[in-house]
Amino acid sequence: SPEPELVMWGVDTELFAADRHRKRAGELRLGLGIADDELCLLSPRQNTSNYHTDRIIAAFARSTWPAKGVLVIKLHGRAGQGERRHKLIHHALEAGVAERVRFAGKYTYEDLPAVYAMADAAVSALEADGVPSTFCELMALGVPIVATDLDSYEGVLDEGRGMLVPPADVDAMAAAFDQLAESAELRASFARKGREHAVSALSWERSVTRWEQLYYDALTTASKAESNV
C-alpha cells in the first residue's frame with residue numbers, strides 16, 4: 001500500500017501575504033499599546049485548559065522577551081472567555097509580567113491576517129493536535145512559530161520551518177523565545193522558509209488539486225472493483 005500522504009485544507013496565500021496587511025497591522029499594534037520598536041509574541045489559539053496558555057505565560061516570563069516586547073493573547077469570544085481571561089491575568093500577575101501581556105479581542109475574519117501579521121513570532125503549546133489552519137496562515141504571512149514537538153506537525157513545522165520544543169517543557173519554550181527575541185536574522189530565516197513552504201505546499205490551489213486527484217483515484221479504484229465483481 002502507498003505511504004500515507006499529508007494533504008492540507010490549504011491557505012489563501014494571496015490573502016495571507018504580509019505586505020497586504022502592514023498598515024492595518026500597525027493600527028492594531030498601536031491599539032494594543034505596542035511601540036514600533038517592541039516585539040510582539042502572539043498566542044493565537046484558544047484559551048481552554050488543553051491549550052496551556054498558562055505555560056505560554058510562564059515561558060514568556062522566564063525569557064528575555066518581556067525586556068524587548070509583549071505577549072498578545074488572542075481572545076475568541078467563546079463561552080467562559082471572561083473567566084479564562086481573569087485566570088490568565090492572575091497567572092501573568094504571579095509571573096510578574098502582567099504589564100507586558102495584552103489581550104486582543106475577537107476580530108472579524110477580514111482582520112485576521114492583520115492580527116497575525118502584527119506578530120514577530122507566534123506560539124502554540126498543545127500536547128495533542130492536528131495541523132491547524134492557523135499554522136498555515138501564520139507561515140504564509142512569514143510569522144515564525146514556536147510549538148510543541150508533535151508527530152502531527154510533521155511535514156509542516158519540521159525541517160527548520162518552526163521551532164519545536166518538548167511538550168510541557170516551559171524552560172525549552174522560554175529558550176526558544178530567547179533565540180527569536182535576540183536574533184532578527186533567525187526570525188527572518190523562519191519567516192522566509194515558512195512563506196516558501198506555504199506557497200509551494202500549503203496553498204489552496206495545490207490542496208484543491210490534490211484533493212480532486214485523490215477523489216478521482218478513489219472513484220476509479222471503486223469502479224474497477226465493481227467491474228471485477
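Predicted model: local features only at pLDDT ≥ 70, side-chain atom pairs only at ≥ 80, totals over all residues.
The largest nonpolar core holds 33 residues. Phe16, Val72, Tyr116, Met118, Met139, Ile145 and Leu157 touch the most other members. Several elements each supply at least two residues of this core: helices H1 (22–31), H5 (112–117), H6 (133–140) and H8 (184–202), together with strands E1 (39–43), E2 (69–74) and E5 (145–148). The largest share, 5 residues, comes from H6. Leu157 touches Phe135, Met139, Ile145, Ala147, Gly162 and Leu164, with residues up to four places away in sequence not counted. Another core lies apart from the largest one. This second set has 29 residues, including Leu41, Ile56, Val101 and Val123. In soluble globular proteins, nonpolar side chains tend to be buried together.

The largest pocket has a volume of about 320 Å³. Its lining comprises 17 residues. Closest to the centre are Arg22, Ala117, Met118, Ala119 and Asp120. Both H1 and H8 supply at least two lining residues. H1 gives the most, with 4 residues.

Helix H7 covers residues 170–182. At 1.5 Å a residue, its 13 residues should span 18 Å. At the start of H7, a side-chain oxygen of Asp169 comes within 3.3 Å of the backbone nitrogen of Asp171. The buried residues of H7 are Val170, Met173, Ala174, Ala176, Phe177, Asp178, Leu180 and Ala181.

Conventions:
Residues numbered from 1 in each chain as written. Heavy atoms only, no water. Expected span 1.5 Å × (residues − 1). Buried < 20%, exposed > 50% of the residue type's maximum accessible area, 1.4 Å probe, protein only. Polar contact = N/O pair within 3.5 Å; in protein donor to acceptor, adjacent residues only side chain to side chain. Core = buried A, V, L, I, M, F, W, Y, C linked by side-chain atoms within 4.5 Å. Contact = heavy atoms within 4.5 Å. 1 Å grid on protein atoms, 1.4 Å probe; cavity = no way out; pocket = protein on both sides within 12 Å on 5 of 7 lines; lining within 4 Å. Points joined across faces, edges and corners; volume = space filled by probe spheres on them.
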